[in-house]
Amino acid sequence: QVQLVESGGGLVQPGGSLRLSCAASGSIFGIYFMGWFRQAPGKERELVATITSSGSTNYADSVKGRFTISRDNARNTVFLQMNSLKPEDTAVYYCNADPGRKGSSWYGSLSWGPGTQVTVSS
């Protein structure tokens, strides 16, 4: 029953930064994995980063060293700090819980929120 709403996207120049937020309508403290996903035009949804309830993180190779995922369980919020943005980071970004794969696409255990558009262009 948890609903997710992403925000913080926008248009930035290459090398710029954005901080995305994922606000949940219910508690996420009991969810072990929270993650950020993205989907670029014409491509499958991919997993960008995950964070466990205790704060352990993992990142896709394409964003490692540039993106930082964090979560505030008390505030039911997940964040994605994106630095050194590249044009290939352009996508709609979503958050969700418990990442899993179906075919070539990534899915979460919760309903998808609206996502937030990130466009990196000069």
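Which residue in strand 3 is the bridge partner of Glu6? The residue is Cys22. The structure described here is a predicted model.

Strand 1 and strand 3 are joined by four bridges, and their pairing is antiparallel. Strands of a sheet pair through backbone hydrogen bonds, in a parallel or an antiparallel way.

These two strands belong to an open sheet of four strands, which follow the order 1-3-8-7 with antiparallel pairing. At its edges lie strand 1 (4–7) and strand 7, each of which pairs on one side only. On average, neighbouring strands of this sheet are turned by 15° against each other, direction ignored.

## The nonpolar core

In soluble globular proteins, nonpolar side chains tend to be buried together. The largest nonpolar core of this model has 29 residues. Trp36, Phe67, Leu80, Met82 and Tyr93 have the most contacts inside this core. Several strands give two or more residues to the core, including strand 3 (18–24), strand 7 (67–72) and strand 8 (77–82). Strand 4 (33–39), strand 5 (46–52), strand 9 and strand 12 (116–120) are also among these elements.

## Asn96, a buried residue

Asn96 is part of strand 9 (residues 91–97). Is Asn96 buried or exposed? Asn96 counts as buried because its relative accessibility is 0%, and the cut-off for buried is under 20%. The side chain of Asn96 comes to 2.9 Å from the backbone nitrogen of Leu110.

Beyond neighbours within four places in sequence, the contacts of Asn96 include Leu4, Phe33, Met34, Gly35 and Phe37. Also among them are Gly108, Ser109, Leu110, Ser111 and Trp112.

## Phe29, an exposed residue

Phe29 lies in the loop between strand 3 and strand 4. With a relative accessible area of 59%, Phe29 is exposed, since the cut-off for exposed is over 50%. Apart from residues up to four places away in sequence, Phe29 touches Ser53, Arg71 and Asn73.

Where does Phe29 stand relative to Arg101? The two residues are 72 residues apart along the chain, and their C-alpha atoms are separated by 23 Å.

Terms used: Residues numbered from 1 in each chain as written. Predicted model: local features only at pLDDT ≥ 70, side-chain atom pairs only at ≥ 80, totals over all residues. Heavy atoms only, no water. Buried < 20%, exposed > 50% of the residue type's maximum accessible area, 1.4 Å probe, protein only. Polar contact = N/O pair within 3.5 Å; in protein donor to acceptor, adjacent residues only side chain to side chain. Contact = heavy atoms within 4.5 Å. Core = buried A, V, L, I, M, F, W, Y, C linked by side-chain atoms within 4.5 Å. Pairing = 2+ DSSP bridges. Axes fitted to C-alpha atoms, helices over the stretch in contact; angles between N-to-C directions.
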